[in-house]
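Biologist: I am new to this structure. Please take me through it, and tell me what each label rests on.

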Amino acid sequence: MTIAAQTQPTPYLDIQHVSAAYGATKVLDDVSLSVEKGELVALLGSSGCGKTTLLRSIAGFVTPTAGRIVIDGRDLTGLPPEARGTAMMFQSYALWPHLDVAANIGYGLRMRGWKKPAIAARVGEMLKLMQLDGYEGRSIAQLSGGQRQRIALGRALAVDPSVLLLDEPMSNLDYKVRIELRHELRALQKRVGITAVYVTHDREEALTLADRIAVIDAGKIAQLGTPEEIFHHPASSFVAGFMGADNSLAVVRAGDRWVVADDARAAMRAHFRGDRARVVDPATPAAAETLHFDGTVAQRIYLGNGFRYRIRTVHDEVWVDDDASHAEGSAVRVAVGPDALLLFEQGRVADRRTAAPAAAHHH
C-alpha cells in the first residue's frame, strides 16, 4: 500500500517573484511571500524600503514589472483595483466629511450596486462589530480619531474583501489610542477571520498585531517569521538593529570570551539590546562567552525606574540601561551575557547558540 505524499496547502494570497519600479528606480526586487487564509502578515521596514509599494501592488494601484499576484487561485496581476475583491484602508482613512457615518460605511456597497435595505442591514452589522451602535446618523466631524479609524475599518470590511490591506492606519493617532486600537484590531481580525496585510514602520505594532512579520529592506524581504522568531533570532545584522538590538560593536574572540576590536581586525559583529547589558565592577572576572568592554559615560538619562547611559567605547557608542547611578564622565565596564548576544558574520547569524532567546523587553 502506498501512502500519498502530503501536499502543502495552497496559500490564499500568493505573491510570486514580484518586482516593481518607479521610472528607472527599482523599488521591489523579486519579492515572494505567501499568506494563509485568516492570517495577518505585517510588512515592516523604514521609509522608502518598498513596503507600501508591495501593498499597493496587491491592491492594484501599482503594476509590477515582473511576477504574479494570486488570491484564492485567481491571478489578479493585470486587474484594476475594483476587480480584485480587496479593500484598502489608508493612513488618512479617506472618509467623506459631507456624509454621515452610515453613508461612509455603505459607500463601497452603493458603488457595487447594492439595494438600500441590504446596505442598511450590512451597515448595522458593521456598527455592531465596531461597537458603534447608534452612531449611524453622526457626522464624521463629531468623531474622535479612534472612532474614525473604526468607521474606515467598517467601510473596508463591509464589502467582505478577500484580503484587507492596511497602510499605516494608526500613524495619525496618539500613543494611548494606538495601543488600545492595536489590541482591538487584533481581536477583531481574529474574530472575523479576515486575511490581512498590514504596513508599518513601528516594530512594536508589528510584534503586537501580526501572525508573521516580513522585514523589508531595500525592496527585498530581509526576514520572514513569527514575531518571536524575528525578535529573538534575527537573521542578519540589519534585522537585529531594526528589531531593537541596535547596539552594534565589532568584536574578536579572546580566549573564551568576546572583546571589542576595530572593524579591520574583527570578523564578527555583536548586537545587543540596551536593557540586556549590565554595568559591572571592573574587578569582576568575565564569564565564558560574555562580551566585556570598557567605556566612559557620555550621557546619563533618568528613566524613573533606573538610568539609560550613552557609553563611549574606543571605537563606538552604545546605550545601556542600569539601575545604579554613574556620573557623566566616569569610567565603567559593561558585560553582555551569552543569552543576550546576537553575533553575525558578514550578514549571517554565525552561531545559533549565541542567538538564544533574550528576555522579551522592548521599548
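Modeller: One cut-off comes before the rest: buried means under 20% relative accessible area, exposed means over 50%, and partly exposed lies in between. This is a predicted model. With that cut-off, Gly146, Gln147, Gln149, Arg150, Ile151, Ala152, Leu153, Gly154, Arg155, Ala156, Leu157 and Ala158 of helix H5 are buried.

Biologist: What makes H5 largely enclosed by the rest of the structure?

Modeller: The count does. In H5, 12 of the 14 residues are buried, so the helix is largely enclosed.

Biologist: Which elements do the buried residues of H5 pack against?

Modeller: They pack against strand E6 (86-89), helix H2 (101-105), helix H3 (107-111), helix H4 (116-129), strand E7 (163-167) and H6.

Biologist: How do you know that the span of H5 is close to the one expected?

Modeller: The expected span is 1.5 Å times one less than the number of residues. H5 has 14 residues, and 20 Å is expected. From its first C-alpha to its last, H5 reaches 20 Å. Aspartate 160 follows H5 and has a positive phi, near 50 degrees.

Biologist: Which residues does leucine 157 contact, leaving aside its neighbours within four places in sequence?

Modeller: Contact needs heavy atoms within 4.5 Å. Leucine 157 then touches Arg122, Met126, Leu129, Met130, Leu164, Leu188 and Ile194.

Biologist: Why is threonine 195 called buried?

Modeller: Its relative accessibility is 1%. The cut-off is under 20%. Threonine 195 therefore counts as buried. It is found in the loop between helix H6 (175-192) and strand E8 (196-200). Leaving aside neighbours within four places in sequence, its contacts include Tyr12, Val35, Gly38, Ser162 and Leu164.

Biologist: What lies 2.9 Å from a polar atom of the side chain of threonine 195?

Modeller: The backbone nitrogen of glycine 38 does. A polar contact is a pair of N or O atoms within 3.5 Å.

Biologist: Why is lysine 26 called exposed?

Modeller: Exposed means over 50%. Lysine 26 is at 53%, so it counts as exposed. Aspartate 29 is at 24%, so it counts as partly exposed.

Biologist: What makes lysine 26 and aspartate 29 a salt bridge?

Modeller: A salt bridge needs a side-chain nitrogen of Lys or Arg within 4 Å of a carboxyl oxygen of Asp or Glu. Here the closest N and O atoms are 3.5 Å apart. The pair meets the cut-off. The structure holds 19 salt bridges. Arg182, Asp202, Glu204 and Glu205 are linked in a network of them.

Biologist: What is the N to O distance between glutamate 289 and arginine 253?

Modeller: It is 2.9 Å, and the two side chains meet in a salt bridge. This pair links distant parts of the chain, 36 residues apart. Glutamate 289 is in the loop between strand E14 (277-280) and strand E15 (291-302), and arginine 253 is in strand E11 (residues 247-254). At 23%, glutamate 289 falls in the partly exposed range. Arginine 253 does too, at 41%.

Biologist: How is arginine 312 tied to glutamate 317?

Modeller: They form a salt bridge, with the closest N and O atoms 2.9 Å apart. Glutamate 317, in E17, is also the bridge partner of arginine 312. Arginine 312 is partly exposed at 43%, and glutamate 317 is partly exposed at 38%.

Biologist: How do you know that E16 and E17 pair?

Modeller: Pairing needs at least two bridges. Six bridges join E16 to strand E17 (residues 317-322), and the two run antiparallel. A hairpin joins them through four residues.

Biologist: How many bridges pair E15 with E16?

Modeller: Six, in the antiparallel sense, with strand E16 spanning residues 307-312. Threonine 296 stands opposite arginine 312. In the turn of this hairpin, glycine 304 has a positive phi of about 95 degrees.

Biologist: What makes E2 and E5 edge strands?

Modeller: The open sheet has the order E2-E1-E4-E5, with antiparallel pairing. Strand E2 (25-35) and strand E5 (74-75) each pair on one side only. Two bridges join strand E4 (residues 66-71) to E5, and the cut-off is at least two.

How values were computed
Residues are numbered from 1 along each chain as its sequence is written. This is a predicted model: local features need pLDDT of at least 70, side-chain atom pairs count only at pLDDT 80 or more; totals for chains, interfaces and linings use all residues. Side-chain values use heavy atoms; hydrogens and water are left out. Buried means under 20% relative accessible area, exposed over 50%, partly exposed in between (1.4 Å probe, protein chains only). A polar contact is a pair of N or O atoms within 3.5 Å; within protein, one must be able to donate a hydrogen and the other to accept it, and residues adjacent in sequence count only if both atoms are side-chain atoms.
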